[in-house]
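User: Please go through the pockets of the model shown here.

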Amino acid sequence: MMNIPFASVDVMHREIEDKMLAAFKRVYDNNWFIQGKECEEFEKEFAAYCGADYCVGCGNGLDALYLILRAYGIGEGDEVIVPSNTYIATALAVSYTGAKPVFVEPIIDTFNINPDLIEAAVTDRTKAVMAVHLYGQPARMDEIKKVAAKYGLKVIEDSAQAHGAIYKGVKTGVLGDAAGFSLYPGKNLGALGDGGVIVTNDKELADKCRALGNYGSDYKYHHIYKGNNSRLDEVQAALLRVKLECLDKWNQRRNEIARMYIDGITNDKVVLPVTDEGVTHVYHIFGIRCSERDALEKYLNDKGIGTNKHYPIPMHLQGAYEELGFKEGDFPIAEEISKTELSLPMYYGMTDEEVSYVIDAINAWR
């Protein structure tokens, strides 16, 4: 029996160990740990990678989204449209501003927000749409932006799971007005701790986000906003610079693994994910659906195969959002996904033999 974890950074970190240690030593020897050259260079490099003009480092992906919303002046009495199927950080960013998250159902085949349902959720209080590129697949941005333009809404990309993903020839990060990326260790581009970035072509927004994340200060001891402390430190920035050079290679391997899964899994009890035409998925998560999800999960775990569930309790049924007054049945597609989604092992360093072991195990399950 093989033992295959759900995720692992072991192989990628061993391959770049010397460069990572050299990057750490560079920061250590320089004795400058916040707002220095490493962060400045990483911001330039990641902006260039996305095809953007500006990148602002911050503490984590949630802060990235929150700072964007605050910089746009979104707050009490406002509404922001978010998918009903996503990680709770998307909604929390809205809540932290004092605004209200408004849930819109996903397309069940892609897990991403359904653009056809957005317009019905727009009110005179709606200020923005948060487009989540869930699991690493870009949302249908042309359709989302068309609705947003009709009502004068900002389009903010939650790109926490989509580093390097491409929509119609354009990388995530520049598909809307601004984007927030998480650099959590398990992401396709992950730090060795928490981190995040804001990406935009809007200089005014970038400058305001930078100030808001630095105690509201535009220069030392001069505070123009009631800001936060949310900055990407020098150690993480230096390590991320090493990793960014490898991101496309790592994403390519994820695509190879995903293709093996899609071509190889033939069990008719399993529903495979669908990728839209014209996009490059980066498969942060490879999520299947199964009506007997829990039984399949136990079976795979018993065979040494690690799994995860994204996300077993939808946001509208979480205690954190009980004040919105939703009940079971209010967002049936999100609920269906929460009851049936199972995430398979997916990481750089996974061998073809390990992928085949997972495929064979699933196909043998009855």
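Analyst: A pocket is an open set of points on a 1 Å grid over the protein atoms alone where a 1.4 Å probe fits, with protein on both sides within 12 Å along at least five of seven lines; lining residues have an atom within 4 Å of a point. The model is predicted, with pLDDT of at least 70 needed for local features and 80 or more for side-chain atom pairs, while totals for chains, interfaces and linings use all residues. Residues are numbered from 1 along each chain as its sequence is written, and side-chain values use heavy atoms, without hydrogens and water.

User: Which residues lie nearest the centre of the largest pocket?

Analyst: The lining of the largest pocket comprises 35 residues. Nearest its centre are Gln161, Ser182, Tyr184, Lys187 and His284.

User: Which element gives the most to that lining?

Analyst: Helices (H or I, at least four residues) and strands (E, at least two) are DSSP runs, numbered from the N terminus. Two or more residues each come from helix H5 (89–97), strand S8 (178–182) and helix H4 (61–71). The top contributor, with three residues, is H4.

User: Which residues are closest to the centre of the second largest pocket?

Analyst: This pocket is lined by 14 residues. Those closest to its centre are Gln35, Cys39, Glu43, Gly57 and Arg210.

User: Which element gives the most to the lining of the second largest pocket?

Analyst: At least two lining residues each are supplied by strand S1 (54–58), helix H7 (203–212) and helix H3 (37–50). With three residues, the one that gives the most is H3.
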